[in-house]
Amino acid sequence: MLAQSCLLYCRAGFEKEAAAEIMQLAQQAGIQGYVKARPDTAFVLFYPTSPLEPEALNTALNFSEMVFARQLVLVSQHIQGLPENDRVTPLLASVEALQCPFHDVVLEPADTNEGKQLSSFLKKFSTPLRRALEKKQLLQASSPWRLHLFFIDSSEVHVGLAHNDNSSPHTMGILRLKMPGAAPSRSTLKLDEAFLTMLNTQEQEKYLRNGMTAVDLGACPGGWTWQLVKRDIRVIAIDNGPMNDTLMASGMVEHIRADGFKYLPSKPVDWLVCDMVERPLHITRLMLRWLREGHCLHACFNLKLPMKKRYDMIIECRDVLRDGLADINGHYRVTMRQLYHDREEITCMVIKLN
C-alpha cells in the first residue's frame, strides 16, 4: 500500500493551527505537499505530492512533536458512496488492499456535533465488520499497526493505519476522564490528563513519587493542587483567593496568599504547576525563570492562546523555553499539546531528564 494522505484529528476550531503544524513538520522532513482543512470539522488532511510508503511517512512525522493533532492516521483510500445495503464488502476490499495486518480496528467519527450523531451507527456496524476481518484473518495481535476507519458520514470513510509507537492509543485520540467528585474544580482534569498522556507509566512512577514537593501558582480553589495531593505530593498553594476546605484539611497543602508572579519558595521544589490566566509569553518567561534559577526541577503549565496567530505564538514560546534551557546543566524535554480538556489553551510540560 501507499499512503495517499495523512489524517490528523484536532479540536474543532483549530484546523488552521493543525494545518500549519503538519505543513511545517513535513517541510522539515523534506516532504512536499498541501493541506485540505475546513473550519470546525475537527480534522485536517495533508497530501504528499507523491504517495509514500507508510513506514517512510511514519518515520518522517513524529506524533509526539505535534501540539494540535490528537491522532495521526496514514490514509490509503478515501471511499465515497458506500452502499447502504452492503458496506462491509467494499470496505473489506479496501482493507485487503493494504496488504498489511493490524492488531485492532477502530471506527471513528469527527469530534463534532455531526460526528456524535454517527455513534449509534458505528457501534452497530463495528460488529459485522470485525467478524468479516477476523474471517479473512486480517487481525494479528503481533502487528504494530492499528486500522482506522474515519467516517465522515455513513457512506464516506477514510481508510488508514496508525502505528502504535507514533499515535494516540485512545479512540478519536481522546483520553476521557471521569470528573472526581472530591476535586474542587473541573480544571483538575487538565493536569490529570497532562500527567497521563505526557508521561508514560514508568515516567509517572519516577517523576510523581510520594514525598515530592510542588508549588501551584494561581491555585484557587485547588483543582491542580488536588491532583498533586492525590499522588502524595506536598503542595504550596499560591493564591490570594480561598482554597477548598476539604483539600486544606488533608494536611498536605500550605496556602500562602501572595502574587504568583512575585512569589519564590525558600527552598527548591520538585514541581511547579500553573494555570493562571495571563499572556503566553509572560507565563513562559516566568516558568523559565523558575527552571533556570533552580527553584523547581519540572514544570507543567497552561498557555492561554490569543485570538490570532495562535500557532506562531506557540512556536515562539517553545523557542523561548528551549533556547533558555539550552545553556544550563541537565537535559530538558519540552512537550506541548492541546489536550482534550484544554479549550483555548495548550498544556506545556518541561521535564529535567538528568
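Start at the largest cavity, where about 40 Å³ of space lies. The model is predicted, and a search of the whole structure finds one cavity of 30 Å³ or more. To bring up its lining, select Tyr9, Cys10, Ala42, Arg70, Pro109, Ala110, Asp111, Phe150, Met172 and Ile174.

Ring pairs link Tyr9, Phe43 and Phe150 into a cluster. Two of these rings, Tyr9 and Phe150, also belong to residues that line the largest cavity.

**Aromatic pairs**

Across the whole structure, a search finds 10 aromatic pairs. Select Tyr34 and Tyr47 next. Their ring centres are 5.3 Å apart and their planes meet at 15°, so this pair is stacked. Tyr34 belongs to strand β2 (residues 33-37) and Tyr47 to strand β3 (residues 43-48), so the pair ties together parts that are 13 residues apart in sequence. Colour the two by accessibility: Tyr34 has 44% relative accessibility and counts as partly exposed, while Tyr47, at 18%, counts as buried.

Now show Phe195 and Trp271. Here the centres are 5.5 Å apart and the planes stand at 75°, so the pair is edge-to-face. Phe195 is in helix α6 (residues 188-198) and Trp271 in strand β11 (residues 269-274), so that the pair links distant parts of the chain, 76 residues apart. Both Phe195 and Trp271 are buried.

**Charges over rings**

The charged end of Lys36 sits over the Tyr47 ring, 5.3 Å from its centre. For another case, select Arg310 and Phe14: the charged end of Arg310 sits over the ring of Phe14, 3.9 Å from the ring centre.

**Helix α6**

How many of the 11 residues of α6 are buried? Nine are, so the helix is largely enclosed by the rest of the structure. The buried residues are Thr188, Leu189, Lys190, Leu191, Asp192, Glu193, Ala194, Phe195 and Met198. To see what covers them, show α7 (201-207), α8 (223-230), β11, β12, β13 and β14, which are among the covering elements.

**The largest pocket**

Colour the lining by element: α6, α11 and β13 each supply at least two residues. The largest share, five residues, comes from β13.

**Strand β11 and Asp270**

Select Asp270, which lies in strand β11. Is Asp270 buried or exposed? Its relative accessible area is 19%, and it is buried; the cut-off for buried is under 20%. Leaving out residues up to four places away in sequence, Asp270 touches Met212, Thr213, Cys296, Leu297 and His298. Draw a distance from the C-alpha atom of Asp270 to that of Ala299: the separation is 8.4 Å, for residues 29 apart along the chain.

**Helix α10**

Select α10 (residues 280-292). Its 13 residues, at 1.5 Å a residue, should span 18 Å, and its end C-alpha atoms are 18 Å apart, which agrees. Show the side chains of its buried residues: Pro280, Leu281, Ile283, Thr284, Leu286, Met287, Leu288, Trp290 and Leu291. In an α-helix there are 3.6 residues a turn, so residues three or four places apart point the same way. The cover over the buried residues of α10 includes β8 (213-217), β11, β12 (296-304), α11 (310-325), β13 (332-337) and β14 (345-352). Just after the helix, stop at Gly294, which takes a positive phi of about 80°.

**Last stop: Leu98**

Select Leu98, in the loop between α3 (88-96) and β5 (105-109). With a relative accessible area of 2%, Leu98 is buried. What does Leu98 touch, not counting residues up to four places away in sequence? The contacts are Met1, Ser76, Leu147 and Leu161.

Definitions and conventions. Residues numbered from 1 in each chain as written. Predicted model: local features only at pLDDT ≥ 70, side-chain atom pairs only at ≥ 80, totals over all residues. Heavy atoms only, no water. Phe/Tyr/Trp six-rings, centres within 6.5 Å; stacked < 30°, edge-to-face > 60°. Helix = DSSP H or I, 4+ residues; strand = E, 2+ residues; numbered from the N terminus. Buried < 20%, exposed > 50% of the residue type's maximum accessible area, 1.4 Å probe, protein only. Lys NZ or Arg CZ within 6 Å of the ring centre and 35° of its normal. Expected span 1.5 Å × (residues − 1). Contact = heavy atoms within 4.5 Å. 1 Å grid on protein atoms, 1.4 Å probe; cavity = no way out; pocket = protein on both sides within 12 Å on 5 of 7 lines; lining within 4 Å. Points joined across faces, edges and corners; volume = space filled by probe spheres on them.
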